[in-house]
Amino acid sequence: MTGDETVPEGETVAGAGDQALDGTAPGRDHRAGDGASRAEDPADDPAGGGAVARGGAVRGRGERDPGEVDGELLGRVFLTRVLEPGDETGGRWVRERGVADVVRRLREGGRPLPGVSEKRWAGLLARAGRADPRRDLAVARTAGVRFVAPGAAEWPGQLDDLGDARPLGLWVRGRPSLRMWALRSVAVVGARACTEYGAHMAATLAAGLAERGWVVVSGGAYGVDGAAHRGALGAGGATAAVLACGVDRPYPPGHTRLITRIAEQGLVVGELPPGDHPTPSRFILRNRVIAALTRGTVVVEAAYRSGSLVTARAAERLGRHTMGVPGPATSALSAGVHELLRGHAVLVSDAAEVVELVGDMGELAPDRRGPVLPTDLLEPRARQALAGLPGRGAATAVEVARRAQTTEDDAIARLYELRALGYVERHGDGWKLTRQPMISVRGGRNPS
């Protein structure tokens, strides 16, 4: 589904929605002096005095009234406090009725909107009664966090592929543009309780991707996620963490320093408003954002019930590339990856192979081959004659000719050629291999 289908162009919060959210009367004039006076008081500036203004727009001559943009922004911030991430029913309300009407209905109460029970509607109304979008924006501004809404210049258009499960907006901590970074990004995910092999592969993959100019996206968790973030940072590259909680409160607590570093050098992103806590369901729903933001998802280690498989399957449903790094056949932590590889996922072993899939035309991984042996450089008939000699002892030219399926004269010619190159030596009427070809034929081992 496209962004235009999800949020109609020019949609704004008006009338009762404005009254409910900011106390202004419908049609209040926000031009010139009044707009300036509002901006002087941060508590009255729903765009966050610039820190969150990217979710809306600053008015110039001929542009929309900033009150309209602020109402849309406030409404979405309000809804992030009321609706759970990925709530398709709520997403359908927003698409069909618009932000303003949904906010008004939640503020006023009354009969439930379509698709929810009385019990669930009562829960949503209780949340709505406690929601304070201005306070959330003020807390976000203090923490250096901005709110990016659909339709804003920084909004990644690929998130619109989620349809009604598209985020209402994203809270973003960090200086880079989320939209620009998402255009060239890859997700690297996997088990929290990963092995040393899994951590090594995640860090190596992430470093290789970062060195090639790709943004590494993961979930900030222990195990593979943390290794991927550190690998990208260690290579001096770009990384983004998508959290299942408020971006102002790093989770897990043991990764506070890591997530703080990511926010300083990259981006920390989340759907939940400031201060909100993670839950098991929020981790699962967060994974769809990781899948949608990126061009492809690489799973490094995953058991059969790993949450990282949810990310991979979401990526597959969205038409993104799905990749897996194989592990030992006996490892339970690689069983989920192997199951993916038996389906539609592509096996990858390094960053070059990942980029070959997700990158532009011509970004090909190098050909994979073993070492070139001296005998590989011989002309084919000479190799046949060489193969006609026994590993031990000598053979006559007649025996060599029979084994090489050629004439005796041709075999003699080839044997003399091989002797000049140091591969064989003559002993009376017989020919035998020298030490050099015996070593190369046996993979470098001493035949004696």
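**A helix and its surroundings**

A: Gly-213, which comes just after helix α10, takes a positive phi of about 85°. The model is a predicted one, in which local features need pLDDT of at least 70 and side-chain atom pairs count only at pLDDT 80 or more, while totals for chains, interfaces and linings use all residues. Residues are numbered from 1 along each chain as its sequence is written, and side-chain values use heavy atoms, with hydrogens and water left out.

Helix α10 itself covers residues 196-211; helices here are DSSP runs of H or I with at least four residues, strands are runs of E with at least two, and both are numbered from the N terminus. From its first C-alpha to its last, this helix of 16 residues reaches 22 Å, close to the 22 Å expected at 1.5 Å a residue, where the expected span is 1.5 Å times one less than the number of residues.

The buried residues of α10 are Gly-198, Met-201, Ala-202, Leu-205, Ala-206, Ala-207, Gly-208, Leu-209 and Ala-210. Buried means under 20% relative accessible area, exposed over 50% and partly exposed in between, with a 1.4 Å probe and protein chains only. The elements that cover these buried residues include the strands β3 (185-189), β4 (215-218) and β7 (296-299), together with the helices α11 (224-234) and α16 (351-358).

The largest has 35 residues, and Leu-159, Leu-170, Val-242, Leu-267 and Val-299 have the most contacts inside it. Helix α13 (residues 280-293) gives the largest share of this core, five residues. Apart from that core lies another, of 23 residues, and among them are Ala-206 and Ala-210, as well as Trp-214 and Val-300. In soluble globular proteins, nonpolar side chains tend to be buried together.

For comparison, consider helix α7 (residues 118-130), whose buried residues are Trp-121, Leu-124 and Ala-128. Seen down the axis of α7, these fall within an arc of 60° (taken from the directions from the helix axis to the C-beta atoms), so they line one face of the helix. On the other side of α7, Lys-119, Gly-129 and Arg-130 are exposed.

Across the whole protein there are 20 helices and 12 strands, and buried residues make up 51% of its 448 residues.

Definitions and conventions. Core = buried A, V, L, I, M, F, W, Y, C linked by side-chain atoms within 4.5 Å. Contact = heavy atoms within 4.5 Å.
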